[in-house]
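Subject: Structure handover

Hello,

Here is the structure for your files. Please open it first, then read the notes below.

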Amino acid sequence: MANSIEYRFICDVMLGRLAKWLRILGFDTLYFRVISDGELVKIAKQEQRIILTRDRALIKNKMVENAFLINSNDIVEQLEEFLKLFKNHFDKISAFSSRCVNCNSELHKVQKEAVLNEAPEYIIFNNNFFLKCYNCGKIFWDGSHKKMIDRTIREIFGNIRKRTYYEAENANQS
Ligand SMILES: [Zn+2]
């Protein structure tokens, strides 16, 4: 699945869950459980990635370009912060194509027949939509996991719309 989103990201060690969600939303996002600030900044520069971090010192570091601070420790709030920062790309996000949560590679739609030996029988039987990561071999299907993801995404987008609307109303009154 081709991805039209041009921004690419790298999350610091404290943003592992956010990194996974960004992949689900289709953003090319690197994440390492262990990485030094120096290495993080180096990769960001080399691969022209935007740094997402919870580390204020990193943001203030003059050597670091293109870094954004994520304030919250809560995953839903973190996603809201992220989507606010990049809200001009909402249209692209809504037509998202997921990346592999595991390894960040693009996912490919595959036929049921192609995953017959790779997922439990009841899952093959109960689902018609499968995505496969050709890099790490992981398979995703349209089951409860995806429904949970869809619901969370709807909630987050709903909240942001409400909040943006509220802010716009307040601005009109002043
Ligand atoms: Zn993968």
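One definition before the strands: two strands pair if DSSP finds at least two bridges between them. Helices (H or I, at least four residues) and strands (E, at least two) are DSSP runs, numbered from the N terminus.

Two notes on the source. This is a predicted model: local features need pLDDT of at least 70, side-chain atom pairs count only at pLDDT 80 or more, and totals for chains, interfaces and linings use all residues. Residues are numbered from 1 along each chain as its sequence is written.

**Overview**

The chain has seven helices and seven strands. From the N terminus, the order of elements is β-α-β-α-β-α-β-α-α-β-α-β-β-α. Of its 174 residues, 20% count as buried (20 or more other C-beta atoms within 10 Å of the residue's own; 12 or fewer is exposed, in between is partly exposed; C-beta atoms are placed from the backbone). Contacts are pairs with C-beta atoms, placed from the backbone, within 7 Å. Among contacts between residues at least 6 apart in sequence, 51% join residues at least 24 apart.

**The β5-β6-β7 sheet**

Three strands form an open sheet in the order β5-β6-β7, with antiparallel pairing. β5 and β7 are the edge strands, each with a single partner, so one side of each has no neighbour in the sheet. Neighbouring strands are turned by 30° against each other on average, direction ignored. (Axes are lines fitted to C-alpha atoms, for helices over the stretch in contact; angles run from 0 to 180 degrees between N-to-C directions.)

Strand β5 (residues 107–110) is joined to β6 by four bridges. There, histidine 108 has lysine 132 of β6 as its bridge partner. Three bridges join β6 to β7 (residues 139–141), again antiparallel. Leucine 131 stands opposite phenylalanine 140 in β7. β6 and β7 make a hairpin with five residues between them, and glycine 137 in the turn has a positive phi of about 85°.

In a regular strand the side chains alternate between the two faces of the sheet. Which residues cover the faces of β6 (residues 130–133)? Phe130 and Lys132 are buried on one side, Leu131 and Cys133 on the other.

**Helix α1**

Helix α1 (residues 16–24) has these buried residues: Leu18, Ala19, Trp21, Leu22 and Arg23. They pack against β1 (8–11), β2 (28–31), β3 (50–53) and α4 (75–85).

Two packed helices are described by the angle between their axes and the distance between the axes. For α1 and α4, the angle is about 60° and the axes are 10 Å apart. The pair is therefore oblique (under 35 degrees is roughly parallel, over 145 roughly antiparallel, 65 to 115 roughly perpendicular, the rest oblique). Arg17, Leu18 and Trp21 of α1 meet Ile75, Gln78, Leu79 and Phe82 of α4 in this contact. Those residues divide into five nonpolar, one polar and one charged (Ala, Val, Leu, Ile, Met, Phe, Trp, Tyr, Cys and Pro are nonpolar; Asp, Glu, Lys and Arg are charged; the others, Gly among them, are polar).

**From α1 to β5**

Glycine 26 follows α1 and has a positive phi, near 100°. Leucine 107 lies in strand β5. Why does leucine 107 count as buried? Because 23 other C-beta atoms lie within 10 Å of leucine 107. Leucine 107 and glycine 26 are 81 residues apart in sequence and 9.4 Å apart in space, C-alpha to C-alpha.

Best regards

Terms used. Two residues are in contact if their C-beta atoms, placed from the backbone, lie within 7 Å.
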